[in-house]
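Let's take a walk through this model together, starting with one chain as a whole and ending with two individual residues. Keep the structure open beside the text as you read.

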Amino acid sequence: MLLTRRLERARAKPLGFVASDYALAVWGLGDLGALFAAGTPTLDALFDEDMLGDDLEAWLAESHLLKRSFRATALISGLVEKRHPGKEKTGRQVTVSTDLVYDVLRRHQPDHILLKATWQDAARGLLDIARLGDMLARIKGRIRHQQLERVSPLSVPILLDIGKEPIHGEGRESVLMDAERLLEEAAGSGE
Amino acid sequence: MQQAEAKRQEEGTTACAFQIGGLDAFAEPCGALVLPKPGLLVVSDLHLEKGAAFARRGQPLPPYDTAATLDRLEAAARRHQPKMIVALGDSFHDLHGESGLDTDDRERLKRLVAATGRFIWISGNHDPEAPQDLGGEAHETLEIDGLSFRHEPTHDPAPGSIELCGHLHPAAVVRMPGASARRPCFAGDHRRLMLPAYGAYAGGLSLSHPAFDGLFSARGFYCIALGRSRAYRVDPRLVAGAPRRR
């Protein structure tokens, strides 16, 4: 997600996002509402059209979305088999995560046919740069920031999908950092 | 080893310092254990040629895992210039592993073994027989400086020494309010330290899995999770499956 990459840079520690045809949700460990209110960054800056120029390729390559699309490609090609609950293990079933395969392939054979296929799938299905550019131009200067006291009814469907698309960035890393700090505090208090 | 510290900062990674049996130890974010005093570098579960092993059984995984694992092992050896490297078993994914190595990988591995004072292959369940012509020594288990090296953990480690083992590919699921992270980890208590799997295709098993039942005691339990460029000693209270005091 281009947005979460920007949020990551703004130290908002995003943890995940969900997008549907109607809504977009991002959650993180930082207080996003407070950041927008303080203008670091402003929502307008966040949705600025120049995000399309932002190292798009680099972002895509490391994104979880692409890994997910690679999983589908790997399934179709017969590289891995899908596990079904209750089905006997055949022994042929792979016990290697397609994420690991993806990382290794990307480093050692970036022009592999499965990576090409993944890229094509992603470019068609997940990303339409021209439309995205139009949309960003259209909404420019028209974004209102509203902090709500409670969950709004229209946001409920998308909140149910939370957890779908995790981001493995600074947010996750700060989980480990906090877990380390807690231990040091416990040790410091003579526990 | 001072140099190693400088080199590491150059590469932007930070190891986690701790003590094991009175010796200074460093857990590297790549999954290697470094003991500067005896000059030891320890890795576990390299699972070299795992990609090839799957390919033989009709599942053509890309074969670059061996090269990827060797890249990291060579880098760690360059940083620390250890007198001795110990591989704690499952170094090869199966018995065909060694013969299946491609020429490049074989030469690299031979060079690494030759350049290291002692290179120890501890045998594991995947590789009960030692590599034939890569050099190095093969052992089932080995005792050095009050440390006992073996592949699978024992249920009752001999008193008086600390067991260094691998086998289970430990991973920590760290839960904080609002978020959790799952990472390969070192897990230890007052008598044992288990290393994470080093191999590129090896994966991890959460400490909450029944395979870990009864292995670690709450006494002196610690868990060091591998971050992207740092190893973190995390609070066991936040780790799923960590032993609890009764």
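This is a predicted model: local features need pLDDT of at least 70, side-chain atom pairs count only at pLDDT 80 or more; totals for chains, interfaces and linings use all residues.

**Chain B as a whole**

Chain B has 246 residues, and 59% of them count as buried. Its secondary structure consists of five helices and 16 strands. If you look at contacts in chain B with a separation of 6 or more, 66% of them come from residues 24 or more positions apart.

**Where chain B meets chain A**

Now turn to the contact between the chains. Chain B contributes 39 residues to the contact and chain A contributes 34 residues. About 2,900 Å² is buried between chain B and chain A, with carbon and sulfur atoms giving 61% of this area. On the chain B side, the residues that lose the most area to chain A are B:Q59, B:Y64 and B:Y232, which together make up 21% of what that side buries.

Polar and charged pairs are found here too. Between chain B and chain A there are four salt bridges, and nine residue pairs are in polar contact, both residues being at pLDDT 80 or more. One of the salt bridges joins B:R230 to A:E180, with the closest N and O atoms 2.4 Å apart. Elements of chain B that give two or more residues to this side include the helices α2 (50-56) and α3 (65-80), as well as the strands β15 (222-226) and β16 (231-234). Sorted by class, the side of chain B that touches chain A holds 22 nonpolar, seven polar and ten charged residues.

| Residue | Helix of chain A | Relative accessible area |
|---|---|---|
| A:D99 | α6 (residues 98-108) | 18% |
| A:G171 | α10 (residues 170-188) | 0% |

A:D99 counts as buried because its relative accessible area, 18%, falls under the 20% cut-off. Not counting residues up to four places away in sequence, A:D99 touches A:H64, A:K67 and A:R71.

A:G171 is likewise buried, with a relative accessible area of 0%. Leaving aside neighbours within four places in sequence, A:G171 is in contact with A:E8, A:K13, A:P14, A:L15 and A:L29. How far apart are A:G171 and A:L15 in sequence and in space? They are separated by 156 residues in sequence, while their C-alpha atoms are 5.6 Å apart in space.

Terms used:
Residues are numbered from 1 along each chain as its sequence is written. Chains are lettered from A and ligands numbered from 1 in the order in which they are written. Side-chain values use heavy atoms; hydrogens and water are left out. Contact means heavy atoms within 4.5 Å. Buried area is the accessible area (1.4 Å probe) that two parts lose on being put together, summed over both. A salt bridge is a side-chain nitrogen of Lys or Arg within 4 Å of a carboxyl oxygen of Asp or Glu. A polar contact is a pair of N or O atoms within 3.5 Å; within protein, one must be able to donate a hydrogen and the other to accept it, and residues adjacent in sequence count only if both atoms are side-chain atoms. Helices (H or I, at least four residues) and strands (E, at least two) are DSSP runs, numbered from the N terminus. Ala, Val, Leu, Ile, Met, Phe, Trp, Tyr, Cys and Pro count as nonpolar, Asp, Glu, Lys and Arg as charged, and the others, Gly among them, as polar. Buried means under 20% relative accessible area, exposed over 50%, partly exposed in between (1.4 Å probe, protein chains only).
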